Amino acid sequence: MLAPALNIRIVKTKALLCLLTLMLVLAGADAEAQRKKKKNKGGKEKNEKEQFELMTKFVDASKQKMLGNFEEAEALYNECIKIDSKNAASYYELANLKLMQNSNDEALVLANKALDIDPSNEWYNLFLADLHNVRYEYNMSEQLFDRLIEAHPKKIEYLYELASVQLFQNKLK
């Protein structure tokens, strides 16, 4: 009987580590964005309270998503977008949520928004490539894997994915 309790503790610890990692990534991305762009369009510095609210809502949304409370997670990610319409991570997470709910068309729109905001993000490119595969849009997926291979030439898994996509299109002989 000790094994299930230990297993639950391990899962909870992993979830907590994921949340902490997510917070660190967001904090790093925010710091980098602030260095690159000290002022927004209105010429005012980003409000620290607003940034804190964004980070808090994003972490809460991610927690709700992990707990399976998809409606609550969706509402919180949408609040994040209201706070910062250029928050690519919120669009990406919403796209993931929509895919989990089999709303592939909505997932595609949201994933494209995330990629428009941050076109060099490896995870956004990979997610969109996989989403195109789910939708049988292999030509689009192939283009994204080409981009990923160009940006990350040492990641052999992208070569395998590209070959798989090309196989589905009968391009390999």
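Predicted model: local features only at pLDDT ≥ 70, side-chain atom pairs only at ≥ 80, totals over all residues.
Residues are numbered from 1 along each chain as its sequence is written, and side-chain values use heavy atoms, with hydrogens and water left out. Local features need pLDDT of at least 70 and side-chain atom pairs count only at pLDDT 80 or more, whereas totals for chains, interfaces and linings use all residues.

Student: Is α6 roughly parallel or roughly antiparallel to α7?
Tutor: Helix α6 (residues 122–134) and helix α7 (residues 138–151) pack with their axes 8 Å apart and at an angle of about 155°. Angles under 35 degrees count as roughly parallel, over 145 as roughly antiparallel, 65 to 115 as roughly perpendicular and the rest as oblique. The angle therefore makes α6, relative to α7, roughly antiparallel.

Student: By class, how many nonpolar, polar and charged residues has the contact of α6 with α7?
Tutor: Contact means heavy atoms within 4.5 Å, and the residues making this one include Leu-126, Leu-128 and Asp-130 of α6 together with Leu-144, Phe-145 and Arg-147 of α7. Ala, Val, Leu, Ile, Met, Phe, Trp, Tyr, Cys and Pro count as nonpolar, Asp, Glu, Lys and Arg as charged, and the others, Gly among them, as polar. By class, the contact of α6 with α7 has eight nonpolar, four polar and three charged residues.

Student: Is the pair of Phe-58 and Tyr-77 stacked or edge-to-face?
Tutor: Rings of Phe, Tyr and Trp (its six-membered ring) pair if their centres lie within 6.5 Å, and planes under 30 degrees apart count as stacked, over 60 as edge-to-face and the rest as tilted. For Phe-58 and Tyr-77 the ring centres are 5.5 Å apart and the planes stand at 65°, so the pair is edge-to-face.

Student: Which helices hold Tyr-92 and Phe-127?
Tutor: The rings of Tyr-92 and Phe-127 have their centres 5.6 Å apart and their planes at 75°, so this pair too is edge-to-face. Ring pairs also link Tyr-92, Tyr-124 and Phe-127 into a cluster. The two residues of the pair are 35 residues apart, Tyr-92 lying in helix α4 (residues 88–100) and Phe-127 in helix α6.

Student: Is Ser-90 buried or exposed?
Tutor: Ser-90 lies in helix α4 and, leaving aside its neighbours within four places in sequence, is in contact with Phe-58, Tyr-77, Cys-80 and Ile-81. Buried means under 20% relative accessible area, exposed over 50%, and partly exposed in between (1.4 Å probe, protein chains only). Because its relative accessibility is 0%, Ser-90 counts as buried.

Key
Axes fitted to C-alpha atoms, helices over the stretch in contact; angles between N-to-C directions. Helix = DSSP H or I, 4+ residues; strand = E, 2+ residues; numbered from the N terminus.
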